[in-house]
Amino acid sequence: MNEHDLELEQERYELFAAPLYNFNFNRRQFLKAFSGGIALIVPMSNLVARTLQQDQGESGRRGNERIPDDIGAWIHIDENGTVSVFTGKVEIGQNIRTSLTQAVAEELHVPVDTVRVVMADTDLTPFDMGTFGSLTTPRMAPQLRKAAAAARETLITLAAEQWKVEPASVRIVNARFVNHDASKSLTLAEVAKGQKLVKTIPPDVATTPAKDWTIAGTSVPKVDGRDFVTGKHQYTTDLRRDGMVYGRIVRPSALEAKLVSSDAKAAEAMPGVKVVQDGDFIGVTAPDRETALRAERAIAVHWQAPGQPGNEELFDYLKKNAVASRGSRPIGSIVNGMAAAQKKLSQTYTVAYIAHAPLEPRAAVAEWNDDKLTVWTGTQRPFGVRSDLAEAFHIPEEKIRVIVPDTGSGYGGKHTGECAVEAARLARATGKPVKLVWSREEEFNWAYFRPAGVIEVNSGVRNDGTVTAWEFHNYNSGGSGIQVKYDFLNQDIQFHNSKSPLRQGSYRGLAATANHFAREVHMDELAQLIQMDPVAFRLKNIKDERLKAVLEAAANKFGWSGKKTEGRGRGIACGFEKGSYIATAAEVSVDAKTGRVKIERVVESFECGAIVNPRHLNNQVEGAIVQAIGGALFENIQFKNGQILNGKFSKYRLPRFSDMPVIEVVLLDRKDLPSAGAGETPIVGLAPAVANAIFDATGKRIRSMPLSASSAV
Amino acid sequence: MPNVTTLNVNGKKVRVDVDSQMPLLYVLRDHLNMTGTKYGCGEAKCGACTVLVDGQPMRSCVTPVSRASDKQITTIEGLERDGKLHPLQEAFLKADALQCGYCTSGMIMSASALLNKNAKPSRDEIVKHMDGNICRCGTYARIVNAIEMAAGTAKEVAE
């Protein structure tokens with residue numbers, strides 16, 4: 001697989017046929033939104049360019065110039081001196097509202113509280129593919145930096161013109177422009193007043209190197225944190241519109257069930273209730289939530305569901321239904337590698353379907369005004385949802401506005417627009433704004449899951465620790481993180497699509513969790529096979545300095561070379577994904593009677609280039625470790641015949657306070673390297689580290705996630 | 001049972017007219033437009049809907065409004081006084097004890113119930129008391145840190 005294939009592969013589950021480009025936020029729309037002041041445009045081509053070196057801006061001389069058709073983001077300093085950033089990205093708890101604010105404030109030399117970030121409103125913000133793949137920090141942030149730096153230079157030139165001095169003598173201090181001896185000063189508003197200047201970021205604009213950052217690189221608090229701790233922030237679920245009614249959907253008896261018959265007379269007789277039926281879609285609206293619920297339950301429906309595979313047969317089913325393989329051309333020769341090996345190992349690893357379970361369930365408020373549709377909804381793909389709506393209602397995208405309030409998390413689970421479509425369908429039928437909030441059970445049953453998968457590994461190793469052959473086949477779970485950063489001479493790595501019995505899609509880190517689990521448990525098995533220390537064995541096969549650095553950092557902090565804690569097992573894992581490096585060491589205790597696994601201590605080292613916000617990065621890494629505990633130990637979707645059997649919190653265990661180990665995070669700050677995203681990769685190391693620690697504690701090797709489901713424990 | 005017509009919420013008497021069996025959560029959210037209290041699971045398993053009823057933490061999603069009708073109800077909206085945040089609210093900000101923030105109201109209300117009865121809880125007591133509240137973003141360590149800060153027992157503030 002070459003690098004380009006790999007990139008496409010990462011996005012296999014992330015893109016539901018979304019267009020890479022969309023020229024909808026064009027010059028005309030921009031000019032409608034831009035009333036005056038100074039604007040700096042980031043062209044879309046800058047954001048989708050594969051490397052930062054490929055950035056192309058248009059030549060940026062003074063004065064207005066051609067506005068590109070494909071605007072990716074823009075910064076506006078209006079005539080009141082307000083700095084606004086317009087981006088189609090969404091805030092779902094990863095704190096990019098704060099980190100993007102930091103980037104812009106840094107380059108403009110203004111305080112953080114003067115910058116406002118307008119996000120994810122399809123009428124106000126330019127097209128964006130979606131917020132996923134840890135792309136905001138490596139792609140959006142550097143471009144906004146450039147735009148802010150260009151805006152600063154433009155403003156300085158304007159201030160210098162007012163004073164008839166050289167631009168080089170003008171500085172910005174505390175959001176004021178001052179001349180060489182600080183005898184004169186101007187505010188942002190005074191400089192922007194009367195201007196109507198639009199520029200595209202020039203190709204040669206210089207941004208502040210990370211070593212000189214003063215705002216970025218520091219632990220700026222969450223910019224609107226106060227709204228969250230006071231309950232004032234309005235999520236989609238909290239919105240209310242005049243005349244709004246409440247919706248409910250009548251759900252099928254099972255996945256892929258077809259409607260045979262329905263009788264809604266009783267529901268229709270309820271005061272204020274409207275029943276909407278359109279093909280297999282049946283929904284109701286009512287003036288209040290309780291009536292909507294009663295009406296939904298009063299509809300008699302008969303569904304017919306096809307027989308479908310369940311848990312017991314899942315892994316055989318996935319292998320049997322493998323349809324195609326995608327992978328790189330093998331490196332070297334597995335046959336030769338195996339011939340050179342002194343020991344060989346073949347093992348199979350599995351991962352279960354798990355649910356995102358975002359605490360704010362899917363929700364939408366939909367409102368039609370004549371032929372214009374507005375939908376507020378929590379999604380990671382506002383423009384994708386707009387496309388879904390356009391398709392569902394056969395209307396042009398210009399007639400649709402999707403607004404995403406900062407959302408109660410997603411973890412890759414909110415890429416689709418079904419709730420928005422349902423709310424809009426009900427709203428069109430009733431002629432009133434409709435609020436639709438999925439119940440927790442609907443969230444489990446009608447959203448989508450992290451793919452389950454089967455992974456087969458064949459390897460050969462020499463007694464000195466050299467891995468001579470590495471053959472790796474992943475069925476269904478995905479290709480992310482499938483490539484090795486180890487220096488294996490002979491490799492054959494393949495991903496095989498399969499037919500999934502359950503609806504599946506993106507999940508934080510995608511398949512990198514499954515692939516790291518299989519790879520790093522297998523590495524532990526090889527180390528054991530040749531009686532070598534797991535850290536020394538890995539180091540023997542690593543040439544990549546960054547991977548080596550995180551592995552050594554985690555091992556040192558953990559005290560790997562020191563004495564083991566009595567009664568506990570320890571394990572380690574390392575890896576690379578989405579531009580960042582990780583190593584995780586875990587210490588566990590296993591109750592001899594009950595087999596209950598308790599993760600006692602986790603040390604995780606992480607390196608993602610230059611750190612933008614140390615505290616928020618720590619928070620992301622800690623959070624990923626905690627979320628990883630669920631998938632590692634107990635999260636496991638049970639299903640049969642198209643029905644989810646454990647689709648509620650009383651049946652589906654999530655990590656809680658009492659599951660929390662002592663967590664120590666070691667952040668390696670590489671100010672000499674561009675910042676990579678950090679929302680995903682910190683999740684991949686925990687499961688293999690814990691599996692290896694369980695082996696160390698008990699001598700039992702578990703090759704299935706979740707680990708606690710195994711009868712071996 | 002007759003409808004519930006008055007409630008005491010955050011020290012104020014408010015008029016409603018709702019079925020006595022309606023969960024308190026929806027009375028607050030839909031009828032009083034106090035949306036700081038959140039729905040998470042509807043079966044008292046996540047704590048997002050936690051409010052205080054006469055100082056006791058209650059899962060409002062499974063609490064019929066009639067059970068709170070003659071009592072003092074405190075919600076997240078009632079913690080801030082004259083523009084001054086409650087010490088727990090301050091501490092949650094200082095400790096960065098949230099990511100998406102959806103669980104935060106319930107976390108703060110549960111924690112306030114703990115501190116009301118136990119001003120200096122141990123770490124184990126905090127974990128035990130808070131175990132019914134889920135933070136899917138996984139900020140548990142920071143929430144514990146925030147509660148200790150509010151209680152004045154925090155040894156260090158997490159970076």
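Chain A contains 19 helices and 29 strands, where helices (H or I, at least four residues) and strands (E, at least two) are DSSP runs numbered from the N terminus. The structure is a predicted model, in which local features need pLDDT of at least 70 and side-chain atom pairs count only at pLDDT 80 or more, while totals for chains, interfaces and linings use all residues. Residues are numbered from 1 along each chain as its sequence is written, and chains are lettered from A and ligands numbered from 1 in the order in which they are written.

The C-alpha trace of chain A spans about 80 × 75 × 45 Å along its principal axes. The radius of gyration of chain A, 27 Å, agrees with the value near 27 Å that a compact globule of 713 residues would have; the radius is taken over C-alpha atoms, and the globule rule is 2.2 Å times the number of residues to the power 0.38. Of the 713 residues of chain A, 55% count as buried. A residue is buried if 20 or more other C-beta atoms, placed from the backbone, lie within 10 Å of its own, exposed if 12 or fewer do, and partly exposed in between. Among the contacts in chain A with a separation of 6 or more, 79% join residues 24 or more positions apart, two residues being in contact if their C-beta atoms, placed from the backbone, lie within 7 Å.

One buried position in chain A is Ala292(A), with 28 C-beta neighbours inside 10 Å. Ala292(A) belongs to helix H9 (residues 289-298) of chain A. Beyond its neighbours within four places in sequence, Ala292(A) is in contact with Tyr246(A), Gly247(A), Arg248(A), Val284(A), Thr285(A) and Ala286(A). Tyr246(A) lies 46 residues from Ala292(A) in sequence, with a C-alpha to C-alpha distance of 6.4 Å.

Between the chains, 52 residues of chain A are in contact with 43 residues of chain B. On the side of chain B that touches chain A, at least two residues each come from helices H1 (24-31), H2 (87-94), H3 (104-117), H4 (123-130) and H5 (140-151) of chain B. This side of chain B has 21 nonpolar, 12 polar and 10 charged residues; Ala, Val, Leu, Ile, Met, Phe, Trp, Tyr, Cys and Pro count as nonpolar, Asp, Glu, Lys and Arg as charged, and the others, Gly among them, as polar.

In H2(B), the buried residues are Leu88(B), Gln89(B), Ala91(B) and Phe92(B). Viewed down the axis of H2(B), these residues fall within an arc of 165° and so line one face of the helix, the arc being that of the directions from the helix axis to the C-beta atoms. The buried residues of H2(B) pack against H3 and H5 of chain B together with helix H7 (225-229) of chain A.
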